[in-house]
Amino acid sequence: MEKSSTNTKKPNVNSHKPMTATAAFAKRYRLSVESGDLLWLDGHWYVTHSGLIRLARRNHCAGIHVEPVAQFSDPATSRWAFRATVYRSRTCRGFVGYGDADPTNVSFLVHGAEMRVAETRAVNRALRKAYGIGICSLEEIGSVAEPSQASPESKKLPPQPTNGNGSRTVRDRLCQTIRQHQLDAALVKSYATDFCGVKTLRDATREQVENFVTHLADWAEKDRNSLLCQLNSYLGQKEGAA
């Protein structure tokens with residue numbers, strides 16, 4: 001059963017929560033938490049777009065056709081609707097799913113990309129129908145975090161060490177952001193190497209790392225829920241050397 005996106009509680013992501021009833025179909029469809037196919041968010045399991053695509057590939061999906069639905073789309077207001085049809089085999093008549101997106105139901109970080117979000121949502125719904133996935137996909141839920149609202153812990157943090165010039169070092173600021181917003185340090189590290197376009201953080205320049213720390217802190221403050229989704233896409237990836 002799909003879960004509503006109107007939940008306003010602070011999201012809680014934990015990939016190590018017990019699977020309970022979800023374990024059976026996870027095993028049946030070979031969906032893996034470590035590979036990022038499934039995500040535990042706010043007390044519920046969600047399947048991801050990458051997990052659904054891998055599921056379709058394993059089952060030799062014959063094709064996916066996607067088209068915009070003009071009567072429900074309005075480019076002037078960034079409102080888009082798509083219809084996706086998944087063909088499990090060459091003789092399959094198709095499983096249809098619809099997806100919509102507009103500035104009111106997507107994270108502010110992807111404003112301007114509503115068309116792509118709507119397309120992904122349509123594909124996800126069609127894939128879930130085609131393969132009998134009864135839980136909602138992560139990309140179908142909207143952002144529930146309040147923008148520009150710092151977490152209560154941020155006001156309780158003690159002053160951070162400074163360098164000789166009276167300003168916090170890059171490492172200090174990164175550690176503070178991780179503590180303040182309760183982020184997974186290993187996932188942040190994986191994201192940092194990807195953001196900087198390097199194999200290990202040792203290869204990144206100081207400017208690249210500073211840009212990443214600024215980006216991370218800003219994203220965590222404005223939309224922690226969306227940031228957690230991004231970080232959890234790195235679950236299962238091999239951690240690079242520091």
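Visitor: Which residues of helix α2 are buried?

Guide: This is a predicted model. In helix α2, which covers residues 49-58, the buried residues are G51, L52, L55 and A56. Seen down the helix axis, they fall within an arc of 135°, so they line one face of α2.

Visitor: What covers the buried residues of α2?

Guide: The cover includes β2 (44-47) and α3 (114-131).

Visitor: Why is the pair D37 and R54 called a salt bridge?

Guide: The label requires a side-chain nitrogen of Lys or Arg within 4 Å of a carboxyl oxygen of Asp or Glu. For D37 and R54 the closest N and O atoms are 2.5 Å apart, so the pair meets the definition. D37 lies in the loop between α1 (22-28) and β1 (38-41) and R54 lies in helix α2, so the pair ties together parts that are 17 residues apart in sequence.

Visitor: How do you know whether D37 is buried or exposed?

Guide: Buried means under 20% relative accessible area. D37 has 2% relative accessibility and therefore counts as buried. R54 has a relative accessible area of 28%, so R54 is partly exposed.

Visitor: What makes E67 and R83 a salt bridge?

Guide: Their side chains meet at 3.9 Å, N to O, and the cut-off is within 4 Å, so the pair counts. E67 lies in strand β3 and R83 in strand β4, so the pair ties together parts that are 16 residues apart in sequence.

Visitor: How do you know that β3 and β4 pair?

Guide: Two strands pair if at least two bridges are found between them. Strand β3 (residues 63-68) and β4 have 6 bridges, in the antiparallel sense. The count meets the definition, so the strands are called paired. I64 stands opposite V86 in β4. β4 is also joined to strand β5 (residues 95-101) by 7 bridges, and these two strands run antiparallel. There, A84 stands opposite G97 in β5.

Visitor: Why is β4 described as largely enclosed?

Guide: Of the 8 residues of β4 (residues 80-87), 6 are buried, so the strand is largely enclosed by the rest of the structure.

Visitor: What makes K222 and D218 a salt bridge, and where do they lie?

Guide: The N to O distance is 3.2 Å, which is within 4 Å, so the label applies. Both residues lie in helix α6 (residues 206-222), 4 residues apart, about one turn of the helix.

Visitor: How many salt bridges does a search of the whole structure find?

Guide: The search finds 7.

Methods: Residues numbered from 1 in each chain as written. Predicted model: local features only at pLDDT ≥ 70, side-chain atom pairs only at ≥ 80, totals over all residues. Heavy atoms only, no water. Buried < 20%, exposed > 50% of the residue type's maximum accessible area, 1.4 Å probe, protein only. Arc of directions from axis to C-beta. Contact = heavy atoms within 4.5 Å.
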